[in-house]
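Look at the sequence and the structure before reading on.

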Amino acid sequence: MGILNKIFGTQASIQQLPAGTVTVDRQGGIVTSTVSSAFPAPLVQAIAKDVLELFREARGGQMPLSEVSLHFSSLRITARELRGGAIIFMCPQTASFRSLTTARS
Amino acid sequence: MDAQHKILVLDDDVDWLALCRDQFAELSSHPEILTANNAKRALALLETEKIRLLISDLRMPRIDGLQVLAIVRRRFPAVRTVVLSGLEDEEYRSRAYALGVDLFWLKAEMQRNSKLFGECVESLLGQSDQEGDTGFRGIQSKSLLDIIQMECLTRTSTVLRISRGPLVAKLWIQEGELLDAECEGASGEAAFHRLLAWKTGAFENLPAEPNRGRTIQKPVNALLLESAQTLDETAHPSTEPDSVEANLHRKTMWKLAQLTREGAEFVVAVPLSVGVPEALGAQNVDALAQWTLRATEIARSLGERLEAGPLLHVASQSLERQTVLLLRGERAFLVGWPAEADDNILDKSRKLVALWES
């Protein structure tokens with residue numbers, strides 16, 4: 001008993017999904033955040049960086065965007081451009097959350 | 001045989017059960033409506049009552065709808081089954097039909113089109129009556145050709161609704177005669193030929209519409225033969241330069257027609273590995289293709305780091321337009337829409353991409 005724990009360790013865990021709103025400045029610095037402090041700060045930073053990158057790439061391609069929305073199967077990230085920075089909304093798309101927003105299941 | 005049929009509605013939402021009870025009570029055959037808010041109670045009712053039709057939700061705690069349907073199919077094969085779900089996912093539709101359910105409806109659709117749903121339910125109850133519990137159900141892995149021939153040979157009157165992802169086609173059959181067809185924006189014979197090119201999909205029988213106007217005059221067998229010839233020519237295209245060029249031109253014109261009909265501004269199809277982007281209606285193809293690739297790369301990488309599941313789509317908006325980025329196979333598609341386009345552009349984009357690939 002416990003041999004698998006000795007080999008693989010006991011740290012198996014599921015990463016929680018971010019929920020809340022973050023505003024970032026044009027350098028990618030977090031200005032305000034309502035995301036739980038339990039969610040890793042480097043990941044919030046990574047989201048901010050990638051969102052700004054998306055806006056930057058679009059500007060580079062002569063198609064400046066005012067809003068971009070990434071839809072994953074369990075998370076939706078919507079970002080609005082704010083003078084070089086952005087406001088980012090993160091909504092997990094879990095079963096309980098969906099039931100409040102979509103048609104009855 | 002009971003004079004009054006019994007319908008059992010299974011759903012964990014009691015408000016929804018009350019709504020169903022009211023709605024089904026208005027059916028012309030006045031069936032008795034029984035309800036259950038969990039699978040255990042539903043199975044107990046099926047044991048004790050003579051249920052004609054089970055209408056089940058899919059997403060429920062403990063035992064979900066698909067499990068219940070599998071049990072019902074095994075233990076109560078005579079019971080007709082209908083799935084009434086809020087899950088707008090083609091996979092669930094396919095899985096439900098694979099389990100042999102008679103009908104799959106979305107709750108939102110049922111509320112919007114309650115009359116048609118009522119007719120479908122009546123039709124299922126009526127079928128049980130006329131056939132006296134005879135006949136087989138649960139057709140699987142049959143080609144569309146087989147299904148159409150079967151419906152026509154048995155001189156059935158029905159509307160066949162065939163879906164392939166976001167694409168939906170319909171065939172109106174009256175006493176074995178093909179009256180009309182609708183597919184990919186076409187109607188009549190053209191729609192029928194297009195439909196027969198579909199390789200996969202799901203089908204369901206809707207109540208017949210005898211008043212549907214007749215647009216197809218040819219016999220079904222002649223149409224099937226023509227389609228088989230066309231498909232054969234498509235599978236083995238002529239290699240003469242003129243013919244290849246004419247085919248390409250025809251394809252481009254057809255795609256452009258679909259684009260215009262849906263109201264989109266452009267479509268850019270970008271191979272995710274190597275290859276040249278394909279585009280229609282776009283001016284700055286290279287810039288759009290580059291952003292499509294970069295956005296796909298960024299979004300996928302972010303999704304992996306966040307463990308947020310597969311990327312479904314990326315929507316974006318600017319002052320001039322809206323775009324939807326979709327992935328299909330080894331290609332990313334960027335569909336552009338006017339800024340004032342309605343909320344339905346995601347569905348329309350999916351449809352355009354599916355048409356593009358077809």
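Which residue in β13(B) stands opposite A:L70?

## Basis of the model

This is a predicted model, in which local features need pLDDT of at least 70 and side-chain atom pairs count only at pLDDT 80 or more, while totals for chains, interfaces and linings use all residues. Residues are numbered from 1 along each chain as its sequence is written, and chains are lettered from A and ligands numbered from 1 in the order in which they are written.

## Where the chains meet

A:L70 stands opposite B:V314. β3(A) and strand β13 (residues 311-317) of chain B run antiparallel and are joined by six bridges. Two strands count as paired if DSSP finds at least two bridges between them. Helices (H or I, at least four residues) and strands (E, at least two) are DSSP runs, numbered from the N terminus.

In total, 31 residues of chain A are in contact with 35 residues of chain B; contact requires C-beta atoms, placed from the backbone, within 7 Å. On the side of chain A that touches chain B, α2 (41-60) and β3 (67-72) of chain A each supply at least two residues. α2(A) gives the most, with eight residues.

## The sheet in chain B

In chain B, five strands form an open sheet with parallel pairing, in the order β2-β1-β3-β4-β5. β2 (32-36) and β5 (103-106) of chain B are the edge strands, each pairing on one side only.

Four bridges link strand β1 (residues 6-10) of chain B to strand β3 (residues 53-56) of chain B in the parallel sense. Within this pair, B:V9 has B:I55 as its bridge partner.

Methods. Contact = placed C-beta atoms within 7 Å.
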